[in-house]
Structures are given as C-alpha cells and as structure tokens.
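Colleague: Please put the model up, and then I will ask about its packing.
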Amino acid sequence: MSPAETLELAEFHGDGISSELSAAVHRVAESLPMDVVFHPVDLSLERRSSDAEGSYRDAEAAIRKFGVALKYPTITDLESPNKVLRERFDFSVIHRPVTSIPGVKTRFDGKVDLHIVRIAVGGTYEDAGRRIGTEAAVSVRVIERRPSFQAAKFAFNLAGKLGCGVTSASKYTIQRATDGLFEEVVEEVAEQYPDIPHNAELFDALLAKLVMGPEDFRIVVTPNEYGDFLSDTACGMIGSIGLGASASYSFDDDGRVTLAMFDPAGGTAPDIAGQGLCNPAAALWAFGMLLEHTGYRAIGAALNDAVRDAIGAGHTTGDLGGSLGTMAFTEAVCDAMSARLTGGGKAKL
Ligand code: ATP
C-alpha cells in the first residue's frame with residue numbers, strides 16, 4: 001500500500017522545551033518532499049490545570065481521527081499524562097529502538113542496533129504491593145495473553161521488515177506460570193513466521209550477552225519491567241539516556257496496529273527552555289519513526305540517518321559538547337537529509 005500524498009497527524013504539545021522541539025519538527029517537515037499537516041492539541045500543564053478532561057478528550061479525538069500522534073514532553077504534576085494517554089488509548093506495546101550514535105562517547109566500542117519491543121502493561125508495574133504486618137510485603141505480577149500476543153506479533157512483523165530474527169527474554173525457568181505464559185504465546189506467534197528465527201533467552205543471561213556482544217541482537221521482545229531495565233541498559237551502552245525515541249501502540253484483535261504515538265525520550269528540560277538551546281534529535285527521531293510507520297519508509301529512514309549524520313559530523317548542541325542552537329542543528333539535519341534523499345550520501349556535511 002502506498003502512503004497518501006498528504007500526511008495528517010495529531011501533535012500533542014506539552015511543557016518546557018516542547019514548543020522548540022515542535023518548531024524543529026515543523027522545519028524538517030517543510031523540507032520533506034511531501035505535505036504534512038499537524039493538528040495541534042494542547043497538553044500543557046496550564047491547560048490541564050484548568051481543563052484536564054477537555055485536553056485529554058481533544059487528544060483522544062485527534063489520535064482516533066488521524067491514527068498517529070507525535071507527543072512532546074509534559075510535566076507530571078497531579079497526574080502522569082503518559083499514564084493517562086496509555087490507558088485512554090489502550091497502548092499495550094512500546095517499541096524503543098536503541099542505536100549507537102556516531103560521535104557520542106561511550107564506555108565501550110561495540111555497535112548497538114537494537115529494537116526493544118516491550119509489553120507496556122502488567123508485569124510488576126500494575127500493583128504497588130502492600131505490607132503484611134511490619135516485616136513483609138507482597139505484590140502481584142500479571143502477564144496476560146493478549147498484550148503478549150500483540151508484542152510478539154509486532155516483533156515478528158518488525159523482524160520481517162528488517163530481515164532479522166527475534167529474541168524473547170524473560171525468567172521462564174523461575175517465573176514458570178507468568179513468564180512461562182509469555183514464552184508460550186511468543187512461541188505460538190513464532191510458528192506463524194517459520195522463516196524468522198526465534199530464540200528464548202533468560203533475561204539475566206541476555207543482559208550479559210548483550211553487553212559482551214551487542215551485534216548479536218536486533219530485536220528483543222520482553223515483559224514490561226524487563227523491557228524497562230533493558231531500555232536503560234541499552235541506552236547506557238550507547239552513552240545517552242535522553243537521546244532516543246519510542247513508539248506506543250494499540251491493536252485490534254488480529255494484532256494490527258490501530259493507534260500509534262511517538263515521543264522523544266527526554267523530559268521538559270525547564271532549565272534551558274525558551275533559550276533555543278535544546279537538542280531536538282530525539283524529537284526528530286520520533287518524527288522519523290512516525291513517518292516510517294505511516295508508510296513513508298524511505299523518508300523516515302533518511303531522517304533518522306540524517307540526524308545521526310549531523311551529530312557524527314560534529315554539528316551538535318550544547319548537551320553533546322557542541323555550540324549549535326536548536327535551529328542551527330535542525331538546519332544541519334535538513335542539509336544531511338536532502339543529501340541522503342538526492343543520493344549524495346554524506347557529501348554535503
Ligand atoms: P522532567 O521533570 O520533565 O523530566 P527534568 O529537568 O527533571 O524534567 P529532563 O528534562 O530529562 O529532566 O532534563 C535533565 C537534564 O537534561 C537537564 O539538565 C536538561 O537541560 C537536559 N536535557 C533534557 N532534554 C534535553 C534536550 N532535548 N536538549 C538538551 N538538554 C536536555
């Protein structure tokens with residue numbers, strides 16, 4: 001299916017550097033060989049303080065109309081907007097690519113090119129637990145078939161696009177009922193994809209193997225909390241916790257994506273907000289993921305690579321040791337992208 005000529009998307013504005021990230025995304029969108037129409041929704045703390053329900057209702061109407069949303073960082077105050085959106089949109093899977101960034105200092109020289117596909121619900125995160133008297137506490141850990149199926153399906157579909165295998169990771173030898181169910185569902189899905197290799201790893205062993213040989217892993221599908229640990233571990237390996245983007249998905253009964261929201265990993269950076277200093281790389285990667293998801297695969301991939309090209313060529317903002325402001329960096333990305341889209345490779349940088 002070829003994508004429509006005009007891409008329409010919901011754009012969820014937040015707080016702090018949100019408007020500067022949005023300006024960078026719009027600048028890149030203007031330079032693309034396609035039309036992009038943004039439908040803004042105000043999710044700032046100011047709006048939420050006076051009309052929280054109205055702001056979330058607007059967000060829901062917009063994402064249901066256009067199917068996709070780009071979200072910028074929001075302040076967590078009375079409520080966590082991310083949690084509210086996840087529940088309202090029934091997001092059950094998070095996709096977090098973690099890829100080495102040229103020029104960003106790391107503690108080791110292995111190349112990471114990993115896609116973490118994480119169940120976004122359940123695990124140990126739904127139940128804060130309770131005290132039993134003064135000397136003990138207990139919490140319930142939940143694994144459900146439906147989100148396990150959706151995560152596995154997403155992982156294998158992604159593997160088909162990338163031409164690689166899928167690793168599932170959990171503690172199935174110890175958590176036999178819960179992680180046993182997760183692995184059982186992944187195995188059932190794997191049988192539908194006989195050409196895609198699948199192996200199951202114990203999660204602790206996976207971490208060791210990943211640190212020792214990151215090149216051996218491309219897609220890891222895992223329950224909620226393990227995905228959380230794995231994401232930060234992998235980000236530490238590439239030298240940056242804030243430089244990345246993630247996608248949240250909801251699905252129909254056949255495992256097809258119905259709604260998708262893309263957001264940069266970092267926070268609202270109130271200390272530098274409004275000064276034109278923030279690094280828009282993660283927001284641009286989020287936009288690149290959205291483009292790929294909506295069928296503009298070549299353009300999205302070019303944008304993702306162009307951000308890497310710009311950083312690798314030393315065009316960096318202050319957080320990466322450079323001297324460029326948000327917009328100067330964005331211009332460097334636009335140059336790198338037009339070089340890629342016209343087949344000039346990195347020639348212009
Ligand atoms: P929040 O409560 O929204 O998470 P925070 O300040 O506690 O805000 P971050 O927003 O992640 O947490 O910021 C942590 C540090 O990283 C700050 O010094 C901030 O300036 C910096 N930072 C975060 N995002 C960016 C960015 N996009 N560009 C440059 N620096 C950033």
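**Helix packing and sheet**

Modeller: Helix α2 passes helix α3 in a right-handed crossing, where right-handed means that the near helix is turned clockwise from the far one by less than a right angle, and left-handed anticlockwise. The model is predicted, with local features requiring pLDDT of at least 70 and side-chain atom pairs pLDDT 80 or more, while totals for chains, interfaces and linings use all residues. Residues are numbered from 1 along each chain as its sequence is written.

Colleague: Which residues make the contact of α2 with α3?

Modeller: Helices (H or I, at least four residues) and strands (E, at least two) are DSSP runs, numbered from the N terminus. A contact needs C-beta atoms, placed from the backbone, within 7 Å. By that rule the residues are Y56, A59, E60 and I63 of α2 and V84, L85, R88 and F89 of α3.

Colleague: Are α2 and α3 roughly parallel, roughly antiparallel, roughly perpendicular or oblique to each other?

Modeller: Axes are lines fitted to C-alpha atoms, for helices over the stretch in contact, and angles run from 0 to 180 degrees between N-to-C directions. The axes of α2 (residues 45–66) and α3 (residues 81–89) come within 11 Å and cross at roughly 50 degrees. Angles under 35 degrees count as roughly parallel, over 145 as roughly antiparallel, 65 to 115 as roughly perpendicular and the rest as oblique. The two helices are therefore oblique.

Colleague: And how is α8 placed against α9, roughly parallel or roughly antiparallel?

Modeller: The axes of α8 (residues 281–293) and α9 (residues 297–312) come within 6 Å and cross at roughly 160 degrees. That angle makes the pair roughly antiparallel.

Colleague: Is the crossing of α8 and α9 left-handed or right-handed, and what is its contact by class?

Modeller: α8 passes α9 in a left-handed crossing. Among the residues in contact are L284, W285 and F287 of α8, and I299, L303 and V307 of α9. By class, the contact has 11 nonpolar, three polar and two charged residues.

Colleague: Which strands are the edge strands of the sheet?

Modeller: Two strands pair if DSSP finds at least two bridges between them. The open sheet has 10 strands with mixed pairing, in the order β2-β1-β3-β12-β11-β4-β5-β10-β8-β9. The strands that pair on one side only are β2 (35–42) and β9 (198–202).

Colleague: What is the bridge partner of S168 in β10?

Modeller: Strand β8 (residues 166–170) and strand β10 (residues 219–222) pair in the parallel sense over two bridges. In β10, the partner of S168 is V221.

Colleague: Which strands does helix α5 touch?

Modeller: Helix α5 (residues 178–191) packs on the sheet, and its direction makes about 170 degrees with that of β8. The strands touched by α5 are β8, β9 and β10.

Colleague: Which residues are closest to the ligand?

Modeller: A residue counts as near if its C-beta atom, placed from the backbone, lies within 6 Å. The ligand is surrounded by 14 residues, dividing into seven nonpolar, five polar and two charged. The closest are G266, G267, T268, A269 and N279.

Methods:
Two residues are in contact if their C-beta atoms, placed from the backbone, lie within 7 Å. Ala, Val, Leu, Ile, Met, Phe, Trp, Tyr, Cys and Pro count as nonpolar, Asp, Glu, Lys and Arg as charged, and the others, Gly among them, as polar.
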